Amino acid sequence: MTHPSQSTLALYAGQDLGWFARWRTQRHVAECRECRIEVRAFGSASEELASLNELPAIAWNRMAAEMKANIRLGLAAGECVRTGPAPFAWLSGARALTACASIIALVATGLLLQRPAPAPPQIATGSAVLRATANGIELNQGGQTLSLLHVPSGNVSYSAGAQGSMRAGYVDSDTGNVTIDNVYVQ
Amino acid sequence: MSSKLAILFVAGVAALNAQDMPLDNSVKINLPPDSPLTLISANLGESHVSRRGSAVVLDLDVALTLHNSSPNRVRGVTLLVAAQEVTPGGKASVSVPSLDVAPNQNFPVRINLRLLRPAQMGGGPLVQVNLDGVLFQDFSFYGPNRLDSRRSMTAWEMEAQRDRKYFKSILAARGVEGLKQAMLESLNRQTERPRLDVQVSRGPAVGSAAVGEHSAKFAFLHFPDAPVDPVGGWAEIAGNEARNPRIDVRNLSSRQVRYVEIDWIVNDRQGQRFMAGSVPASGPEFNLKAGGISRVLQDTALKLSKDGGPVSIAGMTGFVGQVEFADGKVWIPNREALANAQLLGILEPSPEEQRLLDLYRKKGPKALADELNKF
């Protein structure tokens with residue numbers, strides 16, 4: 001059996017094949033366990049790259065609900081320990097002050113989070129981006145970053161190639177040789 | 001309670017570290033049987049592999065010792081380093097230009113890279129290191145040349161000869177003191193050269209990148225001895241992003257050209273010029289016959305920042321930085337032309353100039369003069 005090439009399987013995994021090649025690869029993959037595993041591996045690697053260094057998601061709504069619940073609990077607890085009826089008692093005492101401060105903080109946080117901010121310009125979102133920084137070359141995909149090249153030398157010259165590559169040239173301190181590393185966006 | 005947390009933390013760190021493993025037998029160095037280079041040793045140093053979910057991150061810290069078993073002096077080597085070649089982050093190359101390795105001599109090559117590959121790929125080594133090319137003193141070449149390393153290394157060697165000749169002429173005319181002065185001027189240029197944070201991506205722009213986009217014309221610098229001349233060019237600009245450069249070039253020579261590289265300079269609203277990148281044109285579709293006109297174009301985007309802020313692109317300048325003829329000969333601009341166009345302070349120094357500067361920094365002008373006199 002002739003297997004499709006790795007690049008065909010990778011394009012198939014990313015749903016980037018034309019309809020005929022997709023149909024032909026689909027037929028092969030349906031019958032070939034080895035290629036099925038490869039396709040799955042390409043798909044999961046792509047997802048994994050996006051999830052590397054991912055910041056944990058913060059459930060703001062849940063956090064706000066918990067803050068409100070805690071405020072209510074504090075007020076309820078105050079009611080429980082109160083010995084006698086006191087008009088406007090909820091307005092006095094440290095607990096009430098804390099509750100008010102919490103509400104203000106909650107409202108301020110909500111406003112801050114909801115405030116519309118101008119979106120920074122983006123290039124080809126979703127596609128891989130190579131970036132040269134003072135410390136080396138990074139690969140960014142789906143907003144997540146992975147350092148590909150850390151250059152130990154301080155005197156590095158970077159050069160971007162419009163065909164989708166980034167080059168770093170430096171003198172290797174161990175060998176004394178000029179070394180040029182090239183990484184490719186695809 | 002705090003002691004329990006500490007135990008949990010230590011256990012967590014240990015579990016994470018347990019995923020890091022040395023790369024031991026997972027790096028394969030492939031040199032063809034008829035290769036002019038032979039492998040003497042491969043030290044994997046602190047190379048390690050770590051599993052991140054269904055992906056594998058490979059940190060390479062490899063020290064190779066190669067032997068020149070050919071009768072020629074080796075001037076450059078390029079290695080293709082691949083964990084897998086299709087998805088981003090899976091492939092890289094390491095080139096060592098400006099070498100001068102005599103026959104039967106050993107020399108080191110370092111590989112310091114990080115690669116990525118799917119964890120569930122088939123068996124075999126995790127990383128393959130293949131020889132892409134070797135350039136010799138007489139500009140002959142050995143290797144499969146998959147990365148077009150023949151042209152790159154030929155151009156670097158020509159730059160090396162050009163820059164050595166320049167510094168040797170200073171040494172001859174003004175002695176070691178003059179050479180020292182020239183090195184200090186070069187160091188100053190490197191220190192003062194404006195540096196940009198450049199991002200490269202392929203494919204069409206989406207979202208807000210297209211907002212405010214307009215087509216802008218290139219201005220061109222013309223070198224008197226260039227075999228190819230730019231005649232017109234445009235790119236789409238939006239803020240600090242430039243996309244889809246397309247440049248028409250005319251072949252002024254009587255020979256067929258198979259590769260042209262246009263160097264791309266941008267200037268900001270304050271008039272400061274920065275080297276943004278290079279726009280290459282090659283491949284079977286690029287065929288520039290003698291006297292003909294062809295188009296250099298790339299479906300790519302460059303995004304430029306400086307000191308964390310965007311660089312607003314006010315203008316673009318291009319010039320021919322490299323030409324390869326059909327017979328494999330390469331043209332590069334001469335040093336005088338670069339100086340006249342005030343480009344020396346903008347362009348990166350050649351690999352050879354970097355090497356000579358490093359030698360001067362570490363060993364002084366006398367050692368540099370001795371090195372120049374070897375050639």
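Predicted model: local features only at pLDDT ≥ 70, side-chain atom pairs only at ≥ 80, totals over all residues.
## A residue out in the open

Asn104(B) belongs to the loop between strand 7 (91-96) and strand 8 (106-118) of chain B.

Residues are numbered from 1 along each chain as its sequence is written, and chains are lettered from A and ligands numbered from 1 in the order in which they are written.

## Two positive phi angles

What is the phi of Asn104(B)? It is positive, about 65 degrees, although Asn104(B) is not a glycine. Here's the background: most residues other than glycine have a negative phi, and most peptide bonds are trans.

Gln342(B) is another residue other than glycine with a positive phi, this one near 55 degrees. Look for Gln342(B) in the loop between helix 3 (335-340) and helix 4 of chain B. Is Gln342(B) buried or exposed? It is exposed, because it has 10 C-beta neighbours inside 10 Å.

## Chain B as a whole

Now zoom out. Chain B has four helices and 21 strands, and its C-alpha trace spans about 70 × 60 × 45 Å along its principal axes. Of the 375 residues in chain B, 42% are buried.

Two residues are in contact if their C-beta atoms, placed from the backbone, lie within 7 Å. Take the contacts in chain B between residues at least 6 apart in sequence: 70% of them join residues at least 24 apart.

How is chain B divided into domains? There is domain 1 (19-147), domain 2 (157-192 + 353-373) and domain 3 (197-347), with the bounds coming from an automatic or database domain assignment. Between the C-alpha centres of domain 1 and domain 2 of chain B there are 31 Å.

Helix 2 (residues 149-192) and helix 4 (residues 351-373) of chain B have axes that come within 10 Å and cross at roughly 40 degrees. That is why helix 2 of chain B is called oblique to helix 4 of chain B. The axes are lines fitted to C-alpha atoms, for helices over the stretch in contact, and the angles run from 0 to 180 degrees between N-to-C directions. Under 35 degrees counts as roughly parallel, over 145 as roughly antiparallel, 65 to 115 as roughly perpendicular, and the rest as oblique.

The crossing of these two helices of chain B, helix 2 and helix 4, is right-handed. The rule is that a crossing is left-handed if the near helix is turned anticlockwise from the far one by less than a right angle, and right-handed if clockwise. Sorted by class, the contact of helix 2 with helix 4 of chain B has 16 nonpolar, one polar and eight charged residues. In that sorting, Ala, Val, Leu, Ile, Met, Phe, Trp, Tyr, Cys and Pro are nonpolar, Asp, Glu, Lys and Arg are charged, and the others, Gly among them, are polar.

Asn188(B) lies in helix 2 of chain B and is exposed, with 11 other C-beta atoms within 10 Å. Its C-alpha atom is 9.0 Å from that of Gly345(B), 157 residues away along the chain. Asp358(B), in helix 4 of chain B, counts as buried because it has 20 C-beta neighbours inside 10 Å.

Lys28(B) sits in strand 2 (residues 27-30) of chain B. With 13 C-beta neighbours inside 10 Å, Lys28(B) is partly exposed. Which residues does Lys28(B) touch, not counting residues up to four places away in sequence? They are Pro125(B), Gln128(B) and Val129(B). Lys28(B) and Gln128(B) are 100 residues apart in sequence, yet 4.9 Å apart in space, C-alpha to C-alpha.

## And chain A

Chain A has five helices and six strands, running α-α-α-α-α-β-β-β-β-β-β from the N terminus on. Buried residues make up 30% of its 186 residues.

Methods:
Buried ≥ 20, exposed ≤ 12 C-beta atoms within 10 Å, placed from the backbone.
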